[in-house]
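Visitor: Please take a close look at the nonpolar core and the aromatic residues around it. Give the cut-offs as you go.

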Amino acid sequence: MAPALLLVPAALASFLLAFGTGVEFVRFASLRPLLGRAPEPAGAEAPRGWLAAFQDRGVLAPLAWDLGLLLLFVGQHSLMATEPVKVWLSRHFGVLQRSLYVACTALALQLVMRCWEPVPRGPVLWAAQAEPWATWVPLLCFVLHAVSWLLIFSILLVFDYAELMGLKQVYYHVRGLGEPLALKSPRALRLFSHLRHPVCVELLTVLWVVPTLGTDRLLLALLLTLYLGLAHGLDQQDLCYLRAQLQRKLHLLSRPQEGGPE
């Protein structure tokens with residue numbers, strides 16, 4: 001195992017990369033489609049149907065490229081989360097296993113965002129262009145995106161952001177406190193094994209609630225929706241545990257008010 005002098009900078013570098021990638025993903029998934037202008041076909045070409053568009057190489061080529069980028073990200077994110085790979089990474093990288101997973105995920109997502117190819121010649125599923133929709137729909141989308149991102153950040157904090165980013169594992173190792181997961185209850189471990197993505201509904205809102213849903217955005221929303229759906233496996237016991245934890249946290253938050261001066 002590497003000394004703490006190397007472990008701490010490595011974990012911090014992974015955290016900074018992941019945090020910067022998250023900020024960039026907000027711009028990619030929300031700010032660009034909400035604040036940017038919708039791509040328009042070159043010239044005075046009339047909108048074409050979906051069948052005609054998918055026979056156009058100018059549509060198929062960027063779509064195939066974007067699909068490859070998404071499959072690369074999904075493959076990395078899923079493969080490194082499997083138990084054999086995690087065991088192998090833990091054997092060779094020790095406590096940095098989670099930090100390495102976070103860093104690789106951030107790099108894969110950076111590749112998707114930086115190499116993404118828009119499809120301006122593709123058909124549009126919907127577009128708010130006529131008034132008053134052109135004014136009110138983007139505003140409504142902006143509000144829903146803002147609320148979704150606030151919920152996402154809040155949920156990540158509730159689910160122990162430091163542990164999700166791999167920082168807590170390194171801190172516990174340096175302090176000689178053992179593995180953080182070993183201190184959690186069996187019900188919590190069961191929940192974590194079923195809940196790969198605790199912000200599924202909020203991410204789906206960000207993906208689908210846009211003023212203009214073009215061809216490349218539709219591909220992004222469809223594939224990530226399918227992936228998020230397949231990665232979930234909550235059951236009644238998990239929901240009961242989440243409800244109990246929420247009630248406990250709300251009770252803890254209300255105690256200072258009850259005991260405060262009248």
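Guide: The largest nonpolar core has 30 residues, and F25, L70, W149 and L220 have the most contacts inside it. A nonpolar core here is a set of buried Ala, Val, Leu, Ile, Met, Phe, Trp, Tyr and Cys residues joined through side-chain atoms within 4.5 Å. Buried means under 20% relative accessible area, exposed over 50%, and partly exposed in between, with a 1.4 Å probe and protein chains only. At least two residues of this core come from each of α1 (4–35), α3 (57–79), α5 (97–115), α6 (133–158), α10 (200–208) and α11 (215–230); helices are DSSP runs of H or I with at least four residues, numbered from the N terminus. The largest share, 7 residues, is supplied by α11.

This is a predicted model, where local features need pLDDT of at least 70, side-chain atom pairs count only at pLDDT 80 or more, and totals for chains, interfaces and linings use all residues. Residues are numbered from 1 along each chain as its sequence is written, and side-chain values use heavy atoms, with hydrogens and water left out.

Leaving aside residues up to four places away in sequence, F25 touches S30, L109, M113, W149 and L203 (contact: heavy atoms within 4.5 Å). A second, separate core of 5 residues includes L7, A11, V95 and V170.

F25 and W149 also belong to one aromatic cluster with F28, W116 and F153. Rings of Phe, Tyr and Trp (its six-membered ring) pair if their centres lie within 6.5 Å; planes under 30 degrees apart count as stacked, over 60 as edge-to-face and the rest as tilted.
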